[in-house]
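Keep the view at hand while reading.

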Amino acid sequence: MTAHKNPIEKTVKVWYHMMLVNAKNLHYRALNEALRKAAHDCAVTDCCGQCYIAAGMSDKSITISGVPGNALGAYLNGTVITVNANAQEAVGDTMNAGIIVVHGNIRDARRENVPAF
């Protein structure tokens with residue numbers, strides 16, 4: 001019987017004091033588990049629609065490359081999130097404290113013909 005490896009182990013690297021997480025093909029639960037284990041500074045690459053990223057987290061600084069899914073930063077408690085792309089709707093839904101900066105558009109990706117703001 002072969003041991004199953006944790007999918008997070010092959011997607012997480014540490015660069016100086018920043019944790020790097022490759023979100024490609026990573027379920028949102030595994031992605032959030034990796035972010036919760038990080039000390040303070042985290043960078044997420046290849047994000048593609050994972051929802052609930054950083055939900056309920058506090059005292060972190062997270063930079064995301066790619067498009068996070070619904071409810072990014074829901075119930076946030078003091079984390080700073082920077083997205084270097086677009087994001088889906090419900091960003092910061094019921095957020096308590098923190099900062100979310102999106103360098104792009106925020107909207108429902110499923111709706112057609114919706115103008116960007």
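This is a predicted model: local features need pLDDT of at least 70, side-chain atom pairs count only at pLDDT 80 or more; totals for chains, interfaces and linings use all residues.

Residues are numbered from 1 along each chain as its sequence is written, and side-chain values use heavy atoms, with hydrogens and water left out.

**Strands and their pairing**

- Strand 4 and strand 5 run parallel and share 4 bridges. Strands and helices here are DSSP runs, numbered from the N terminus: strands (E) have at least two residues, helices (H or I) at least four.
- Strand 5 also pairs with strand 6, again in the parallel sense, through 6 bridges. Two strands count as paired if DSSP finds at least two bridges between them.
- Ser61 has Val80 of strand 5 as its bridge partner.
- Val83 faces Val102, a residue of strand 6.

**A nonpolar patch**

- Val80, Ile99 and Val101 form a nonpolar surface patch of about 210 Å². Patch residues have over 30% relative accessible area and no salt bridge; nonpolar side chains (Val, Leu, Ile, Met, Phe, Trp, Tyr) are joined within 5 Å, like charges within 9 Å.
- The areas come from the Shrake-Rupley method with a 1.4 Å probe, and for residues only the protein chains shown count as cover.
- Val80 belongs to strand 5, which spans residues 77-83.
- Val80 counts as partly exposed because its relative accessible area is 33%. Buried means under 20%, exposed over 50%, and partly exposed in between (1.4 Å probe, protein chains only).

- Gln50 has 8% relative accessibility, so it is buried.
- A polar side-chain atom of Gln50 lies 2.7 Å from the backbone oxygen of Ala23. A polar contact is a pair of N or O atoms within 3.5 Å; within protein, one must be able to donate a hydrogen and the other to accept it, and residues adjacent in sequence count only if both atoms are side-chain atoms.
- Leaving out residues up to four places away in sequence, Gln50 touches Ala23, Leu26, Tyr28, Leu31, Val67, Pro68 and Gly69. Contact means heavy atoms within 4.5 Å.

**Helix 1**

- Asn32 lies in helix 1, residues 28-37.
- Asn32 is buried because its relative accessible area is 8%.
- Beyond its neighbours within four places in sequence, Asn32 contacts Cys51, Tyr52, Ile53, Ala54, Ala55 and Met57.
- The structure has 1 salt bridge. Lys37 and Glu33 form a salt bridge through their side chains, at 3.2 Å from N to O. The term means a side-chain nitrogen of Lys or Arg within 4 Å of a carboxyl oxygen of Asp or Glu.
- Both Lys37 and Glu33 are in helix 1, 4 residues apart, or about one turn of the helix.
- Lys37 is exposed, at 57% relative accessibility, while Glu33 is partly exposed, at 34%.

**Positive phi angles**

- Most residues other than glycine have a negative phi.
- Ala54 has a positive phi, near 65°. Ala54 lies in the loop between strand 3 and strand 4 and is buried, with a relative accessible area of 0%.
- Ala90 has a positive phi of about 70°. Ala90 is in the loop between strand 5 and strand 6 (97-102) and is partly exposed, with a relative accessible area of 34%.
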